[in-house]
Amino acid sequence: AVIALSSFYDERLLQAGVPRERLWRIPSGLDMKRLPPEETVRLPTPPEPVTFGMLGRISHEKNHDMFLRALTILKDRGVSVRTVVAGTGPELSRLLQLARQLGVADQITWSGYVAADDFFKTVHVVVMCSRIENLPYVVLEAMSWCRPVVATRVGGIPDLVVDGETGYLVSSGDVPALAERMEVLIRNVNRIGVMGRCGRKRLEGLFSLERTVRQHIELYEKLRERKGKGG
């Protein structure tokens, strides 16, 4: 048997020739006993601006450039925004220079490595601009913290983020669309809380560790039965 975490790689494996009867899609899950309380949903307190955050390795596939360029659009429109970029990686020096060139360096806090819980406490909305992903834990964790996610429609992200319900999806590289979705949340702050709670509910229903373990056990039992029958 071959296990895929997301519908994207499920399809890729089928295209690569893996027979459907050998393929199982079992997404990762979080331990529901360790989730932060649902009251962690956080809305900005005036005059505090909405804080958007990116968490993860600062590398080419994460496409932080897209995020920085979206900030320039918002700045040109006179939209106040604060951002946190947490993580380290090979693209950091170049991105620091790019932020200065674009005139948005004063809007960004570069946090370096921080624990996930400390990161989510400081942001209202999570942004993911990746060029490719499987089933990113950052999105699962954002859902656990009742944080809506604005992300690119790549890999397994659409399995997690329901566009317009738990966050927003945009095409990879579509900077104007990213800026537009960010501005929607800035101008409709209450939507942050509504989407965040919807994401938490979706997580609890579909992406629990208990459900993941149960699906694995079901797979192993079927394989054992098949072997017992000489399959």
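Q: To start, are E133 and K62 buried or exposed?

A: Both E133 and K62 are buried, where buried means under 20% relative accessible area, exposed means over 50% and partly exposed is in between, computed with a 1.4 Å probe and protein chains only. Before we go further, please keep in mind that this is a predicted model, in which local features need pLDDT of at least 70 and side-chain atom pairs count only at pLDDT 80 or more, while totals for chains, interfaces and linings use all residues. Residues are numbered from 1 along each chain as its sequence is written, and side-chain values use heavy atoms, with hydrogens and water left out.

Q: OK, and what do the side chains of E133 and K62 do with each other?

A: They meet in a salt bridge, at 2.5 Å from N to O, the term being used for a side-chain nitrogen of Lys or Arg within 4 Å of a carboxyl oxygen of Asp or Glu. E133 sits in the loop between β6 (125–128) and α5, whereas K62 sits in the loop between β3 and α2, so the contact ties together parts that are 71 residues apart in sequence. The element names come from DSSP runs, with helices (H or I) of at least four residues and strands (E) of at least two, numbered from the N terminus.

Q: How many salt bridges are there by that rule?

A: The count comes to 11.

Q: Which residue does D65 pair with?

A: The side chain of D65 forms a salt bridge with that of R94, with 2.6 Å from N to O. This pair also links distant parts of the chain, since D65 belongs to helix α2 and R94 to helix α3 (residues 92–102), 29 residues apart.

Q: Switching to the backbone: where is the cis peptide bond?

A: The bond from P46 to P47 is cis, with omega near 5 degrees. P47 is found in the loop between β2 (23–25) and β3 (51–55).

Q: Where do N63 and C146 sit?

A: N63 lies in the loop between β3 and α2 (64–76), and with a relative accessibility of 7% it counts as buried. C146 is in the loop between α5 and β7 (149–152), and this residue counts as buried as well, at 1% relative accessibility.

Q: Now helices: at what angle do α5 and α8 pack?

A: Helix α5 (residues 137–144) and helix α8 (residues 189–206) pack at about 115 degrees, with their axes 7 Å apart. That makes α5 roughly perpendicular to α8. The axes are lines fitted to C-alpha atoms, for helices over the stretch in contact, and the angles run from 0 to 180 degrees between N-to-C directions; those under 35 degrees count as roughly parallel, over 145 as roughly antiparallel, 65 to 115 as roughly perpendicular and the rest as oblique.

Q: What is the angle for α2 and α3?

A: It is about 15 degrees, with axes 10 Å apart, and α2 and α3 are therefore roughly parallel to each other.

Q: Last one: how far apart are S171 and D76?

A: From C-alpha to C-alpha they are 22 Å apart in space, and in sequence they are 95 residues apart. S171 itself lies in the loop between β8 (167–170) and α7 (175–187), where it is partly exposed, with 38% relative accessible area.
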